[in-house]
Amino acid sequence: MTDPILPASNHDDEVGDLVRLAGVRPLPSPAGTARARDAAYDEWRRAVRRHRLLRMTPAAAAALAAAAAVLFLVARTARGPQVPSTIEIGRVEHVSGRVSLIAAGQTSTLDAQSGGASIPEGAIFVTPDAGRLALRLDNGASLRLDEGTRFALLDGARMRLDSGAVYVDSNGVARVEILTPMATVRNTGTRFELRVSGAGLRVRVRRGVVRVDVANATHEATEGVQIQALADGSILRASSPSHGPEWDWITLAAVPFEIEGRTLAQFLDWVAREGGWRVSFRDPSAARVADTIILHGSIDGLTPADALAAVLPTTGFTHRTREDEVILARIDGKAGRR
C-alpha cells in the first residue's frame with residue numbers, strides 16, 4: 001500500500017519543526033553563506049524544472065517545499081535578528097554618570113570606564129537625569145548628549161533624537177541628518193544644539209548653517225540664530241548668543257581638558273571651541289607669547305568662563321569680553337608662567 005499524501009498543513013508543520021530544531025546558530029562566514037545560498041538556489045531551480053515536467057505532481061510539491069525550507073533556513077541564519085550588527089561607526093569618548101546602550105535588542109550600561117568602546121550601527125543611547133555622553137563618529141563628527149536624552153545612530157550620518165538634546169560639532173566636514181518626531185534637521189559645516197521636548201524642538205547655531213524641514217517647508221538658521229518649531233505648528237525665529245550658561249552642559253559632557261603641560265595658546269583654542277567665543281589679542285605680538293607659556297594644574301569641572309578666570313591671572317594676561325569675543329591683553333607688558 002502506498003503511503004497517503006499528507007495534507008499541506010502537515011508539510012508546514014514539518015518546516016516549522018525544522019526551524020525550531022535549528023535554534024539560534026552563529027553567523028556563518030561570508031563564503032559559507034554564499035555556498036549555502038547557491039546550493040539552495042540550484043535545488044530550487046531543479047525543483048521548478050521538475051514541477052514543469054511533472055505538472056505539479058505530489059513529488060514535485062514535496063521537492064518545492066523542501067527547497068523552500070532550505071532557503072528559509074539559510075536566510076534565517078544569515079539575516080536573523082539575533083545576530084548583532086558588526087558595523088562600527090564610531091567610539092565612546094566620555095561618559096558622565098551611567099548611560100544605557102541598546103544594541104541588537106540587548107541593553108548594557110556605559111560608565112566612566114567605557115571610554116574608547118566601539119559604537120555599532122543602530123545603537124540607541126538613553127541618558128538619565130544625571131548622565132551625559134560624548135561620542136566621536138568615524139565621519140569626523142563629535143556628538144554630546146545632555147541629561148534626559150534618547151538618541152539613536154541609524155548609521156554614520158543619519159540619526160534620530162526622540163527627546164532631550166544633542167550637540168553636534170561637524171569639525172567642518174561631517175554632514176548629518178537628524179530625525180525628530182516633528183522635523184528633520186540637516187547641517188552644513190556646523191556646530192549646533194538640537195533640543196526636543198513635548199513643546200516642540202529648538203535649534204541653536206554656533207557656527208555654519210542648519211536647515212529644519214517641518215510641515216513641507218524648510219527653515220534656515222545661521223550663526224547666532226535659533227529656530228523653534230512648536231507643537232501647534234508655529235515657527236519662531238530669534239537671535240541666540242553662542243556662549244553663556246545654557247551652553248555649559250556641552251563642556252560638562254565632554255572629555256575633561258587637561259591643561260598640564262599644555263601651552264596657553266592650546267588652552268585658548270579649547271576656550272574658543274567649547275565656550276563659543278572668538279579669541280583675539282589687543283596686541284597681535286602677544287599671540288606669539290601665548291605659544292611659549294606652559295600651564296600646570298587642573299581645570300576639571302570648570303566651564304570655559306570659569307577656567308578663563310582661574311588660569312589667566314597666573315599667566316601675565318588679563319581679558320575682557322565683548323559680545324561673542326574674548327580680548328586678551330598682557331599685564332604690564334609682561335607674561336609669566338603658571
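I started with asparagine 187, which is buried because its relative accessible area is 4% (buried means under 20%, exposed over 50% and partly exposed in between, with a 1.4 Å probe and protein chains only). This is a predicted model, so I kept in mind that local features need pLDDT of at least 70, that side-chain atom pairs count only at pLDDT 80 or more, and that totals for chains, interfaces and linings use all residues. Residues are numbered from 1 along each chain as its sequence is written, and side-chain values use heavy atoms, with hydrogens and water left out.

**Entry 1: Asn187**

I found asparagine 187 in strand β11 (residues 184-197). For such labels, helices (H or I, at least four residues) and strands (E, at least two) are DSSP runs, numbered from the N terminus. What does the side chain of asparagine 187 reach? I looked up its polar contacts (N or O atoms within 3.5 Å; within protein, one must be able to donate a hydrogen and the other to accept it, and residues adjacent in sequence count only if both atoms are side-chain atoms). The side chain reaches the backbone oxygen of alanine 174 at 3.3 Å. A polar atom of that side chain also lies 2.7 Å from the backbone nitrogen of valine 176.

**Entry 2: aromatic pairs**

I searched the whole structure and got four aromatic pairs. Rings of Phe, Tyr and Trp (its six-membered ring) pair if their centres lie within 6.5 Å; planes under 30 degrees apart count as stacked, over 60 as edge-to-face and the rest as tilted. Tyrosine 167 and tryptophan 247 are edge-to-face, because their ring centres are 6.2 Å apart and their planes stand at 80 degrees. Tyrosine 167 is in strand β9 (residues 158-169) and tryptophan 247 in the loop between β15 (235-239) and α4 (248-253), so the pair ties together parts 80 residues apart in sequence. Tyrosine 167 counts as buried at 3% relative accessibility, and tryptophan 247 counts as buried at 2%.

Phenylalanine 281 and phenylalanine 317 form an edge-to-face pair, with 6.0 Å centre to centre and 70 degrees between the planes. I noted phenylalanine 281 in strand β16 (residues 278-281) and phenylalanine 317 in strand β17 (residues 317-322), 36 residues apart. Ring pairs also link Phe257, Phe267 and Trp270 into a cluster.

**Entry 3: positive phi**

Most residues other than glycine have a negative phi. Asparagine 171 has a positive phi of about 55 degrees although it is not a glycine, and I placed it in the loop between β9 and β10 (177-179). At 32% relative accessibility, asparagine 171 counts as partly exposed. Is alanine 215 buried or exposed? Its phi is positive as well, near 55 degrees, and its loop runs between β12 (200-214) and β13 (217-222). Alanine 215 counts as exposed, at 69% relative accessibility.
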